[in-house]
Amino acid sequence: MTSGNIQLLSETLAKAKAENRAALIAYLPAGFPTVDGGIAAIKAVFDGGADVVEVGLPHSDPVLDGPVIQTADDIALRGGVKIADVMRTVKEAHAATGKPVLVMTYWNPIDRYGIERFTEELAAAGGAGCILPDLPVQESAAWREHADKHGLATVFVVAPSSKDARLATITAAGSGFVYAASLMGVTGTRESVGEQAADLVRRTRATSGLPVCVGLGVSNATQAKEVAAFADGVIVGSAFVQRILDADGDEAAGLAAVRELAGELAAGVRRVS
């Protein structure tokens, strides 16, 4: 039986902590702008300094994603991306870099595909685990059993609205790290939203020894540094996707842009004044 790379993920996050910095976690959808182009983009992001990459499984109704990622998902789906392409993306990105690669997906595609089949293929591809933003913890036992069997992390998402008791339930069931979702610049001022995210990290840490990584609408080095001051990892998605969209079909320009952004963010998470 093949075993996934949860251990590599844990070691990578621990190494960042030992270097007194936050880990840089990048998100890019599979199949965007094409399957091969998406694989090249992930390699470029790793090359620029990302520690971990989340590969998005494009979904026709990505309710939790903003317009930028929805646009990328539409492009990928119109291109005919399949779960097999997601697995190939994970496999090639991990094989080329030796770095941890997770899949971020809504529950419905896994449910249709079959939990055992999905976890077995993800482990065989060298995947480190899955981020499952819409799978309720109380309905996750079957998934977690298969993920554990195959050496895959189960990353759950917590939000500022999560009460402390709920946080404890979620973190007890998760592995790898906890994804703390917050908002920046959507409601309230930047400052108060940063405080909200810092508070969520503090409350989450009180329930668990797992690293807490923040997805906050971070798009530049200054924001990355701000979040790195209180989180174990900084998650950046839309900003990478936007760079590829801005390249408007020029693959070389898109790859150069995401590599450059990864470098800037990697400097930001290193917290050097």
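Buried residues have under 20% relative accessible area, exposed residues over 50%, and partly exposed residues lie in between (1.4 Å probe, protein chains only). The structure is a predicted model, in which local features need pLDDT of at least 70 and side-chain atom pairs count only at pLDDT 80 or more, while totals for chains, interfaces and linings use all residues. Residues are numbered from 1 along each chain as its sequence is written, and side-chain values use heavy atoms, with hydrogens and water left out.

**Figure 1. A patch of negative charge on the surface includes Asp 250.** The patch gathers Asp 246, Asp 248, Asp 250 and Glu 251. Such patches are made of residues with over 30% relative accessible area and no salt bridge, like charges being joined within 9 Å and nonpolar side chains (Val, Leu, Ile, Met, Phe, Trp, Tyr) within 5 Å. Asp 250 is placed in the loop between α11 (238-246) and α12 (251-268); helices are DSSP runs (H or I) of at least four residues, numbered from the N terminus. With a relative accessible area of 42%, Asp 250 is partly exposed.

**Figure 2. Helix α7 has buried and exposed sides.** Within α7 (residues 141-149), the buried residues include Trp 143, His 146 and Ala 147. These three cover an arc of only 100 degrees around the axis, and therefore lie on the same side of α7; the arc is that of the directions from the helix axis to the C-beta atoms. Glu 145 and Asp 148 are exposed on the other side of α7.

**Figure 3. A salt bridge joins Asp 47 and Arg 259.** A salt bridge requires a side-chain nitrogen of Lys or Arg within 4 Å of a carboxyl oxygen of Asp or Glu. In this pair, the closest N and O atoms are 3.0 Å apart. Asp 47 counts as exposed at 57% relative accessibility, whereas Arg 259 is partly exposed at 33%.

**Figure 4. Lys 149 of helix α7 pairs with Glu 116 of helix α6.** Their side chains meet in a salt bridge of 3.2 Å, N to O. Helix α6 spans residues 115-124, and the two partners are 33 residues apart. Lys 149 has a relative accessible area of 40% and is partly exposed; Glu 116, at 27%, is also partly exposed.

**Figure 5. Helices α11 and α12 are linked by Arg 243 and Glu 260.** The closest N and O atoms of this salt bridge are 3.8 Å apart.

Methods: Accessible areas come from the Shrake-Rupley method with a 1.4 Å probe; for residues, only the protein chains shown count as cover. Lys and Arg count as positive and Asp and Glu as negative; His and the chain ends are not counted. The place of a charge is taken as NZ of Lys, CZ of Arg, CG of Asp or CD of Glu. Helices (H or I, at least four residues) and strands (E, at least two) are DSSP runs, numbered from the N terminus.
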